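I opened the model and kept these notes while going through it. The entries run from overall dimensions to single residues.

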Amino acid sequence: MTQKTVLITGASRGLGAAMAEALAPAYHVIAVAKTVGALEELDDRIKAKGGEATLAPMDITNDGAMQHLCKSIYDRWGKIDLWIHAAVHAAPLSPASHINEKDWDKSFAVNTRATSRLIAYVAPLLGTTGRAVFFDDTTIATPFYGSYGASKAAQTALVRSWQSETAKTGPRVDIANPKAMPTATRGRFHPGEDRSKLTDPATEADRIIADLAL
């Protein structure tokens, strides 16, 4: 039986890495992230569980790199069974009247434009039977979250449109709602927070996988 494949964008840390570990060895993990060292550490943990991974140290905003990646996936496997999109840019908190232009541009480049391009490139690999999983965030409309919140809300609106468009034809598109976790992203937003009260990413990954029956 051919092993299933999962593409995880934003796989090096946090929930993305936890999802990669939890899905291995049932899936061959194609792990995408910018940080080479973190990807190599993830690979070691996956191998320790008896799984296999293909590491793709790439920036998802690099359009040429994403095209090359998807072409390489097609050439090797012909398709993917599952796509987990966990990549996100967490811009510094700022009043709406003082948002830094570079922070705004990078937020939309990573959280919105890259997601749009990836949907176009990955959809043919998923076909009608594959699945895609994205993550919502309930903090997007709270004070000082302007750059992150606006770009994340735009991403979610885009994904919900795709979800509606493919409801009858596939691929299946799911939007999960993770609990607060002690990730680097949350650490930037909540410095000094008591992280012992937050949910471990591995625990949350297991819950999401069970809820979605991945």
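Predicted model: local features only at pLDDT ≥ 70, side-chain atom pairs only at ≥ 80, totals over all residues.

Entry 1, overall size. I looked up the radius of gyration, taken over C-alpha atoms. The protein has 17 Å, which agrees with the value near 17 Å that a compact globule of 214 residues would have; the globule rule is 2.2 Å times the number of residues to the power 0.38. Along the principal axes, the C-alpha trace spans about 55 × 35 × 30 Å.

Residues are numbered from 1 along each chain as its sequence is written, and side-chain values use heavy atoms, with hydrogens and water left out.

I found 7 helices and 6 strands, where helices (H or I, at least four residues) and strands (E, at least two) are DSSP runs numbered from the N terminus. Read along the sequence, the pattern is β-α-β-α-β-α-β-α-β-α-β-α-α.

I looked up the buried share: 47% of the 214 residues, with buried meaning under 20% relative accessible area, exposed over 50% and partly exposed in between (1.4 Å probe, protein chains only). Of the contacts (heavy atoms within 4.5 Å) with a separation of 6 or more, 69% come from residues 24 or more positions apart. The protein exposes about 10400 Å², and carbon and sulfur atoms supply 53% of that area; the areas come from the Shrake-Rupley method with a 1.4 Å probe.

I looked up 24 positive and 23 negative side chains, and the centres of the two sets lie 2 Å apart. Lys and Arg count as positive, Asp and Glu as negative, and His and the chain ends are not counted. Each charge is placed at NZ of Lys, CZ of Arg, CG of Asp or CD of Glu.

Entry 6, aromatic rings. Rings of Phe, Tyr and Trp (its six-membered ring) pair if their centres lie within 6.5 Å; planes under 30 degrees apart count as stacked, over 60 as edge-to-face and the rest as tilted. By this rule I get 7 aromatic pairs. In one of these, Trp83 and Phe134 are edge-to-face, at 5.1 Å centre to centre and 75° between the planes. Trp83 lies in strand 4 (residues 82-85) and Phe134 in strand 5 (residues 131-135), so the pair ties together parts 51 residues apart in sequence. I found both Trp83 and Phe134 buried. Ring pairs link Trp83, Phe134 and Trp162 into a cluster.

The bond from Ala24 to Pro25 is cis, with omega near 5°; Pro25 sits in the loop between helix 1 (14-23) and strand 2 (27-33). Gly170 and Pro171 are also joined by a cis peptide bond, with omega about 0°, and I place Pro171 in the loop between helix 5 and strand 6 (172-176).

I found Phe144 with phi near 75°, in the loop between strand 5 and helix 5. Phe144 is partly exposed, at 49% relative accessible area. Ala213 has a phi of about 55° and lies in the segment after helix 7. Ala213 is exposed, at 59%.
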